[in-house]
Amino acid sequence: MSNGPDLMEKLVSLCKRRGYVFQSSEIYGGTGSVWDYGPLGVELQRNVKEAWWRSMVHERDDIEGLDAAILMHPRVWEASGHVSGFTDPLIDCRACKARFRADQMESARCPHKPSRMPGEYEDCKLTEPRQFNLMFRTFMGPVEDSAAAVYLRPETAQGSYVNFHNVVTSTRQRIPFGIAQIGKAFRNEITPGNFIFRTREFEQMEMQFFVEPGTDDEWFEFWKTQRMEWIRSLGIRAEKLRFEEHAPDALAHYAKRAYDIQYEFPFGWQEFEGVHNRTDFDLRRHQEYSGRRQEYVDPVDRGKRYLPFVIETAVGVGRVVLAALVDAYHEEEIEGEPRVVLRLDPRLAPVKVAVLPLVKKDGMPEMAVRIQKAFRAAGINSFYDDSGSIGKRYRRLDEAGTPFAITVDGESGSDNTVTVRDRDSLKQERAGADGIVDFVRQRIG
Ligand code: ATP
C-alpha cells in the first residue's frame with residue numbers, strides 16, 4: 001500500500017471527492033490552512049466528539065461538562081502567561097518573504113530551491129529569530145483601541161479554570177474531579193499545514209482534572225493510560241501509537257511533566273494528544289490577577305484548604321479525525337479490480353448503513369424506502385442510493401467508509417429477506433427484512 005506524501009495526496013483528494021473535507025473559500029482561491037468539513041466530515045467529527053464526551057463525561061461520576069465562551073476577559077491571558085509567553089520564534093526571508101519557525105529549520109525547505117534548506121540558497125536573506133505571539137487579537141465593541149482589545153482563545157482550558165468555583169458550588173463535586181470542554185480554539189500558527197493536522201482555527205477536547213497536591217503524579221499516570229486506551233478503543237492500530245515524553249527544557253511554561261500521544265502520520269510521528277501536569281500554576285495566577293481566592297476548601301475536613309494541581313488531557317478533534325482517516329485508508333485488489341476502502345470503525349463511520357434497491361422496479365425501491373425509514377426511526381444514520389450499477393454503488397460506499405449495505409433484490413418481495421454486505425470482509429449474507437435494524441445495530445456497537 002502507498003505511504004508517505006503520496007498517501008496524503010490521495011487522502012486529501014478522497015476527502016474532497018466524497019465530501020469529508022473541503023478547502024475553505026475555495027471559489028476565491030482558498031484560505032491558507034483553513035478547512036471546511038463536508039457532509040461526511042461533519043458526521044465523522046460529531047462521532048469523535050460524541051465518543052469523547054461519552055467516555056469523559058457521561059460514563060464518569062467525577063467529570064462535569066462545560067461550554068465556556070471563546071472571548072474572555074483580556075486579563076485571563078495575562079494571568080495564564082499567554083500574552084507574554086505564547087510565542088514561537090519566527091525567521092523571515094527578506095528576499096522571498098517566506099516564514100519559518102526557528103525551531104523547525106531542520107525540516108524546512110527554501111521555497112525557491114526546495115532541494116536546499118533556508119539560508120543555503122545564495123538569494124536567501126534570513127532575519128534573526130524574533131518572538132511572534134500566536135494569539136489572534138480583535139476588538140470588543142465599535143472602538144478599535146488597545147483598551148478594547150480581546151483575544152480569540154488559544155485553548156479552552158482557561159474557561160475551565162475561571163469557572164472552577166462555579167462548578168464546585170453548583171455540582172457539589174469534591175476533589176478529585178474534572179471539567180471537560182469541547183470547543184474552538186485559534187492559534188496564528190507560523191507554519192500551518194499537513195492538511196487538517198495544523199490549522200489556525202481548530203477544535204479541542206480538553207479535560208482539566210483537579211487533584212490534591214502530592215497526588216498529582218499518580219493521577220498523571222492514570223490519565224496517560226486512560227487516554228491511550230480511549231484512542232485504541234476507536235479502532236486505531238496500536239502499532240501506530242506511542243507515548244513521547246517532553247524533555248524538561250521543552251516543557252510549556254505551566255507544565256511540570258508532559259507526555260504526547262503520537263500517531264505515525266504519513267509525514268512522521270506527530271502529537272495528537274497531550275497529557276500535562278499543569279501544577280497549580282493557572283489557579284495560582286488567576287488568584288493573583290483577579291484578587292479572588294481560588295483555594296479549594298474540603299467540605300468534610302474544613303481545615304484542609306489548598307490550590308489544586310491540574311492534570312490536563314488535550315486533544316484536537318481534527319487530529320483524531322485525520323488519524324482515523326489515515327488509519328482507515330486502504331487500497332486493495334478484489335478480483336483484479338482496484339478498490340479504495342475506508343475501514344473506519346463503525347462507531348466513527350459517518351453513515352452506518354446504505355439501503356440499495358437492486359433495480360428501480362418490481363417494488364424494490366418501495367421496500368428499500370420502508371427499510372430506510374426503520375433505520376431513521378431507530379436513530380441510525382442511513383443512506384438511500386438507487387443510481388448506477390450495484391458494483392459502482394458499493395465502490396462509492398467503500399470510499400465513504402460505510403460499514404454495511406442492505407440490498408433489496410428480486411427475492412426480497414417474495415420471502416421478505418435482503419442481503420447485508422460487510423464493507424471489510426465483503427461477505428454477503430441473507431437476513432430477514434423485519435429484524436434488519438437490530439441486525440445492523442448489534443454490529444455497529
Ligand atoms: P503542537 O506542538 O503540535 O503545536 P501543542 O503542543 O502546542 O501542539 P497543545 O497546546 O498541547 O498543543 O494543544 C493540545 C492539542 O490541541 C494538541 O495535542 C493538538 O491535538 C491540538 N492542536 C494544537 N494546535 C493545533 C493546531 N494548530 N491545529 C490543530 N490542532 C491543534
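Colleague: What share of the contacts in the protein, at a separation of 6 or more, comes from residues 24 or more positions apart?

Modeller: The share is 64%. Two residues are in contact if their C-beta atoms, placed from the backbone, lie within 7 Å.

Colleague: What kind of model is this?

Modeller: This is a predicted model, where local features need pLDDT of at least 70, side-chain atom pairs count only at pLDDT 80 or more, and totals for chains, interfaces and linings use all residues. Residues are numbered from 1 along each chain as its sequence is written.

Colleague: How many helices and strands are there?

Modeller: There are 13 helices and 23 strands in the protein. Helices (H or I, at least four residues) and strands (E, at least two) are DSSP runs, numbered from the N terminus.

Colleague: And what does the C-alpha trace span?

Modeller: Along the principal axes, the trace spans about 75 × 70 × 50 Å.

Colleague: How much of the protein counts as buried?

Modeller: Of the 445 residues, 32% do. A residue is buried if 20 or more other C-beta atoms lie within 10 Å of its own, exposed if 12 or fewer, and partly exposed in between, with C-beta atoms placed from the backbone.

Colleague: What does Leu14 touch, leaving out residues up to four places away in sequence?

Modeller: Val340 and Glu399. Leu14 and Val340 are 326 residues apart in sequence, but their C-alpha atoms are 9.4 Å apart in space.

Colleague: How many residues of strand 10 are buried?

Modeller: 10 of the 11, so strand 10 is largely enclosed by the rest of the structure.

Colleague: What joins strand 10 to strand 9 and to strand 16?

Modeller: Strand 9 (residues 177-186) and strand 10 run antiparallel and are joined by 10 bridges. Phe186 is opposite Glu201 of strand 10. Strand 10 and strand 16 also run antiparallel, with 8 bridges, and Phe210 has Val310 in strand 16 as its bridge partner.

Colleague: How many bridges join strand 13 to strand 16?

Modeller: There are 6, between strand 13 (residues 268-279) and strand 16 (residues 309-316), again antiparallel. Val275 stands opposite Thr313 in strand 16.

Colleague: How many residues surround the ligand?

Modeller: 15 residues do, and the closest are Phe202, Gly274, Ala314, Gly316 and Arg319. A residue is near a molecule if its C-beta atom, placed from the backbone, lies within 6 Å of it. Strand 10, strand 13, strand 16 and helix 9 are the elements that give two or more residues to this shell. Strand 13 gives the most, with 4 residues.

Colleague: Now helix 10. Which of its residues are buried?

Modeller: Met364, Ala368, Ile371 and Phe375. They fall within an arc of 60° seen down the axis of helix 10, so they line one face of the helix. The arc is that of the directions from the helix axis to the C-beta atoms. On the other side, Glu366, Arg370, Arg376 and Ala377 are exposed.

Colleague: What covers the buried residues of helix 10?

Modeller: Among the elements are strand 19 (353-357), strand 21 (404-408) and helix 13 (436-444).

Colleague: And in helix 13, which residues are buried?

Modeller: Ile436, Val437 and Val440 are buried in helix 13. These fall within an arc of 100°, so they also line one face of their helix. Asp438 and Gln442, on the other side, are exposed.

Note on methods
Pairing = 2+ DSSP bridges.
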